[in-house]
Amino acid sequence: MGRTVTLVLVDGRGGVLGALPPFDVEVPWWPEVGDVVAAVRDRHGIDVTVLRLMHTEKPSQPGGHVTYAAEVLGPVAASLALDPAPSFGPAASFSGLDGESAPEPRRAPWAVPGGPAASVAWALKELGRDDAVAVQQRTWNLSAIWRLDAGGEPVAWLKQVPVFFAHEAPLLRLLPTAAPGLTPTLLAAGDAGRMLLAHVPGEDRYGADAGFCADVARDIHPIQEHYVTRTGDLLAAGVPDRRFELDRIARVAAPWLDTIDGLAELMDELPARLTAIDACGLPDTLAHGDLHPGNVRESAAGRVIVDWGDASVAHPAYDILRLTGHLPETEAAALIEEWAGRWRRSVPGCDPQTAVALIRPIAALRAAAVYQHFLDHIEDSERPYHEADVPEQLTAAVAAARVG
């Protein structure tokens, strides 16, 4: 599918220089900018850092024509022909650039000129290697990712996250106590959401089969079993408390009650459903929050579960539903039964299978609340990343309740 990309170039002070002619890249996902940076270097001989999304022709990813703001690193040759910078209205203005009004208050610190350079400088200093170079990989409202290479090989990663993911670094300090080697090694944590992580070899296992997912479910169980009696440690580290937030879900559902058929009825019966889930006796613990195979890296050395920004104190069934969501129904059911057996041994007398059946629609409602939280904390031009997700998840919740 790919993307067509337009870059609006700015200098280090935020001055708008103009726009490069549109070009195509192979990777369709909007946050992925490694191929964008490489294409600009190959085509025009300049180095850039992609700062943020400005405009998309499609309401949601992947693909389409995407416009980003990008900071030029170094001089631009006079021979480089630039088009006038396009205008997309207030939602994608150059606020804070070229002497205009103050920056958008919700803009990420890595999305302004000079912001990425400051973060890279911090990471290289913490790494302490003179031969290391930083290669931009991803940027969007939820994270900025840079690979740090030395001697032609990746040695570490710089990850920067928004304030609502600030708990990820302290959590990564805690997790090796419960499961050494199963999570990334935190080398350093700084201000503005910066983390320096040791390189994890292997590949991300997007779309992995049931056998791999079963291995991941077995991997995470000791962590969740460990934190059943230690939720206080998680809360003290800043991990959010997401234990059945009925009021939060109700606020997110309220604008859609008249437009999504069946949502009002689901919300009416939600208190009784929550009471029934509680009666199943499965305790709250640490939930990863986004435990799909793509957030697990595998190599000959084993598996490492990454991206703990969505972690919270919550019901463990959320993770098994996320892990099995892409599998055929019979394979997912078998994996859930295996998962339930582990919990019955860990917590005698609990009823995990009934809990999973009851919690399916709540998992979707909870996902809608998460996406709404993102929307509430990002600038308008980046809303296409998440805007469609809220009604989609609310609709999925109604469908799950009807099946159940």
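Biologist: What is the average pLDDT of the chain?

Modeller: The chain averages a pLDDT of 93, and 96% of the residues score at least 70; pLDDT is the predictor's confidence in each residue, from 0 to 100. Over residues 95-100 the pLDDT is below 50, and this stretch has 18 contacts in the model beyond near neighbours in sequence. Contact means heavy atoms within 4.5 Å.

Biologist: Which conventions apply?

Modeller: This is a predicted model, in which local features need pLDDT of at least 70 and side-chain atom pairs count only at pLDDT 80 or more, while totals for chains, interfaces and linings use all residues. Residues are numbered from 1 along each chain as its sequence is written, and side-chain values use heavy atoms, with hydrogens and water left out.

Biologist: At what angle do the axes of H6 and H7 cross?

Modeller: The axes of H6 and helix H7 (residues 263-279) cross at roughly 175° and come within 11 Å. That makes H6 roughly antiparallel to H7 (over 145 degrees; under 35 is roughly parallel, 65 to 115 roughly perpendicular and the rest oblique). Axes are lines fitted to C-alpha atoms, for helices over the stretch in contact, with angles from 0 to 180 degrees between N-to-C directions. Helices (H or I, at least four residues) and strands (E, at least two) are DSSP runs, numbered from the N terminus.

Biologist: And which residues make that contact?

Modeller: Leu246, Ile249, Ala250 and Ala253 of H6 meet Leu263, Met267, Leu270, Pro271 and Leu274 of H7.

Biologist: How is H6 placed against H10?

Modeller: The axes of H6 (residues 246-253) and H10 (residues 352-376) come within 9 Å and cross at roughly 70°, so H6 and H10 are roughly perpendicular to each other. Residues in this contact include Arg248 and Val252 of H6 and Leu365 and His373 of H10.

Biologist: Changing topic, what is the strand order in the open sheet of three strands?

Modeller: The order is E11-E13-E14, with antiparallel pairing; two strands pair if DSSP finds at least two bridges between them. The edge strands are E11 (203-204) and E14 (302-305). Asp204 stands opposite Arg297 in E13.

Biologist: Finally, is His386 buried or exposed?

Modeller: His386 counts as buried, because its relative accessibility is 2% (buried means under 20% relative accessible area, exposed over 50%, partly exposed in between, with a 1.4 Å probe and protein chains only). His386 lies in the loop between H10 and helix H11 (389-403). Leaving aside neighbours within four places in sequence, its contacts include Trp140, Tyr371 and Phe374.
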